[in-house]
Amino acid sequence: MLRYIGRRLLYMLLSLFLIITATFFLMRAAPGGPFSGEKKLPPEIEKNLNEFYGLDRPWYEQYFDYLTSIAQWDFGPSFKYKGQTVNDLINSGFPVSFFLGMEALLIAVGMGVLLGIIAALNHNKWQDYAAMIFAVLGISVPSFIMASLLQYVLAIKLGVFPVARWESFMHTILPAIALATGPTAFIARLTRSSMLEVLSNDYIRTAKAKGLSRMQITVRHAIRNALLPVVSYLGPLSAGVITGSFVIEKIFGIPGLGSHFVLSISNRDYTVIMGVTVFYSIILLAAILLVDIAYGLIDPRIKLAGGKKGE
Amino acid sequence: MEKLLEVKNLEVSFQTYGGEVQAVRGVSFHVNKGETLAIVGESGSGKSVTSQTIMRLIPMPPGKIKNGQILFNGEDLVKKTDKEMEQIRGKDIGMIFQDPMTSLNPTMKVGKQIMEVLIKHQNMSPAQAKERAIELLKLVGIPMPEKRVNQYPHEFSGGMRQRAMIAVALASNPKLLIADEPTTALDVTIQAQILELMKDLQKKMGTSIIFITHDLGVVANMADRVAVMYAGKIVEMGTVDEIFYDPRHPYTWGLLASMPSLDSDDKKELAAIPGSPPDLTNPPKGDAFAPRNPYAMRIDFEQEPPLFKISDTHYAATWLLHPDAPKVEPPEAVKKRLRKLSSNYDKPIIVKESE
Amino acid sequence: MQQIPKEMFQPASVDLSEAEKISKPSLSFWKDVSIRFRKNKLAMFGLVLLFILVFMAIFGPMMTPHDYRTNDLMNTNKPPSAEHWFGTDDLGRDIFARTWYGARISLFIGVAAALIDLFIGVLWGGIAAFRGGRTDEVMMRIADILWGVPYLLLVILLMVVLEQGLGTMILAMTITGWINMARIVRGQVLQLKNQEYVLAAQTLGASTSRIMFRHLIPNTMGPILVTMTLTIPSAIFTEAFLSYLGLGVPQPLASWGTMASDGVSALQYYPWRLFFPATMICLTIFAFNVVGDGLRDALDPRLRK
């Protein structure tokens, strides 16, 4: 188990190192970026940048300084706004994004698994078709279109939910639903196909031959095994929720890290883009690692020593 | 002897893309209390479908029981609802499947899988059930059952898993055990051990067994009676002695001739039955075996053979037993073992006209 | 007893070699796949939809006298009419022309990304699987590490830094997009390499190239084809997403993504500006998804009956 986690951690750090290096050198190459010296910067910002990056020093010193700063959880200053650092943005925005993301995650997993199981248990009946039509539509509509439509119909036209902003729990529902639509559809499809596969297994026939009822077979033997792929999808799902939040937060005017990020993209605030990208990468890789460990604990067949299916 | 199970004129079909497959086409047999009936045949002969229909494990649709009765203790299982069947499956009838690797739930402890049956059918508390599960594991010859009961199937070897499956099937002392090719997926040495275990347990518990196999060699030391199936029908049925020493159907001859035996010192090749079973979407006219039968007569292609009774216990469906049929010699390998059986009638009697 | 004429009991001349004949006509793998695919109504519907979309992408812009880039400030935000079938946008450009012109760009991005993924993926995965041993180990470790890099974040980063345009977008999408394909190809080749029929072919003295072309490629084609059909919609999705973040293809080029993200801001007053490009995106992604699913089901040998 420890060896497995150690190995995963090593890969994670290598991936992280790769993305930090990539951001650093891409930023150096960016025309009009902080390192190009093309534009005259306001003196205060120039001072901040100089302090953090040491603009006049050779690139390898800058690079190692940057790595050290990140290791100390310091993502550097803004390139556009004086007195603002990436850490400020993360501290103010991430709690909001995290809440929204968790709410969406709960909706997606709950609804998706439910729909998938209903569809699989009623294979080739109307419940199956209805769930799958919903799922195909859910993955066919880009999130910003879905979110705008939901906002237009449910908030502007019908007034069921507040249109935008982040004030009460009611304000969180519509954005969370919009953020969860795609993942819900995906999880529903995944659960359905995995459930159908499990139901065709010999051990389901054994369970039936024992005289267990349909309910007992479904709950004790089928669902648990069918949910294993869903658990392993939680890693990519968190990535989807994070990137989805960029769009959703922008549309609903939510002051999360996603909107800060999108704003920094339109402003070409290079150092913020850089810092937030690195921060998101750390969060994502940590999430994936956690999911892997959780999976290893749930599935008894995985002997975590080599991370391979035991036989 | 008392009949535990009687299957009468069972017909089972499957609806597929290619049309209706008539997997079982009018099968009748019975199993007495405490005896072992072997059902033998090639893959696709309908033997597994028959056994799973008794347990009502055939998914419907696409499967359908078109006709017939399955009388178990005098009650017709065909007419039972799913809820009623749940009280019979695992309790009165236990079942073992071919592949022990896939027949156990990989994410549930072996002990738990045995306990499920006990809790469901014997109203045991989890603690009692666990104790009993350990006893059962011991009974089926698994060493260190206290430790094994908490392990997962992947920690068991193939033979061990089949032993665990037997423990599951026998957990609530069923009256009938259906074993669907229980040794096919196992090594030869393990096969013998599992067969020994089954015989041993049968002696202890008095269970009747339906033993499905394609291997006649296994049949000889397991079964009391044998039914040979071909293309969804029973073509010959009799006691082990009758099937091995006085077979009458050319398909049974073929099966016996293709069976290797240690005592045959001649270097002759094993005879294979040419061809493959017919497509049961459109069962052929006449005798389904005719196209592969070197003894086929013209009538075989025209009309289905009736069932002939050779003794009280021996039946065969072949035109060769008709008084007008020419006398033919079975293949050498079969002829060598033929014996005169005293229980035979003077002449085969037609018991069932063909339609 | 029923009377049966004596001559019926004459031995019939059974040609036993006849018995070895297979009674069902055997279908070639691809024929079988195509039959099963055609039985899937949803997948067939998706295929027809794709044909229509591609047809319109080619001929659509020619059906109207308006072109996609001419501003007409006298006719801005006009609803659909006989003159402008899909209406006009905020610069008075014809949305019908822009939609089908955008179809070319969006489909081009999707197909190009899928082809590049395929090329690199087959090369990387194929070499890793065929070489095996250390080469395989090293190549797949590299892929593992790249796989850990969050895809969309890297794409955004590249789009921010590099000059915006079609080429950049395709580059950004494929820079780690090929890994999935490489893994699938490797998995397939490894699995097939050790299969009995390849061993049989080797024993029979078939050359490596013959094994490659006659056995491996046809049998690995299935999963690869499915992956490709599912890469295209995800690329179109990414394009729309990037456009919404302001990282799409530069004006006056039209893509469905840029048109839809423009349309979103005008949803309350000029809904047609969102409706047409959004519908096209959804239809295309829907069509590719159902075709991909249909292919996967049709190729699954467990469903062969």
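**View 1. Where domain 1 and domain 2 of chain B touch.** In this predicted model, 14 residues of domain 1 of chain B are in contact with 13 residues of domain 2 of chain B (contact: C-beta atoms, placed from the backbone, within 7 Å). Helix α7 (residues 188-205) of chain B gives the largest share of the domain 1 side, seven residues (helices are DSSP runs of H or I, at least four residues, numbered from the N terminus). That side divides into eleven nonpolar, two polar and one charged (nonpolar: Ala, Val, Leu, Ile, Met, Phe, Trp, Tyr, Cys and Pro; charged: Asp, Glu, Lys and Arg; polar: the others, Gly among them).

Residues are numbered from 1 along each chain as its sequence is written, and chains are lettered from A and ligands numbered from 1 in the order in which they are written. As the model is predicted, local features need pLDDT of at least 70 and side-chain atom pairs count only at pLDDT 80 or more, while totals for chains, interfaces and linings use all residues.

**View 2. Chain C against chain A.** Here 31 residues of chain C are in contact with 34 residues of chain A. On the chain C side, the elements giving two or more residues include α5 (133-148) and α9 (208-244). This side holds 25 nonpolar, five polar and one charged.

**View 3. The crossing of α1(A) and α5(C).** The two helix axes come within 8 Å and cross at roughly 65 degrees (axes are lines fitted to C-alpha atoms over the stretch in contact, with angles from 0 to 180 degrees between N-to-C directions). α1(A) and α5(C) are therefore roughly perpendicular (65 to 115 degrees). Among the contact residues are Tyr11(A) and Leu18(A) of α1(A), and Asp144(C) of α5(C).

How values were computed
Two residues are in contact if their C-beta atoms, placed from the backbone, lie within 7 Å. Angles under 35 degrees count as roughly parallel, over 145 as roughly antiparallel, 65 to 115 as roughly perpendicular and the rest as oblique.
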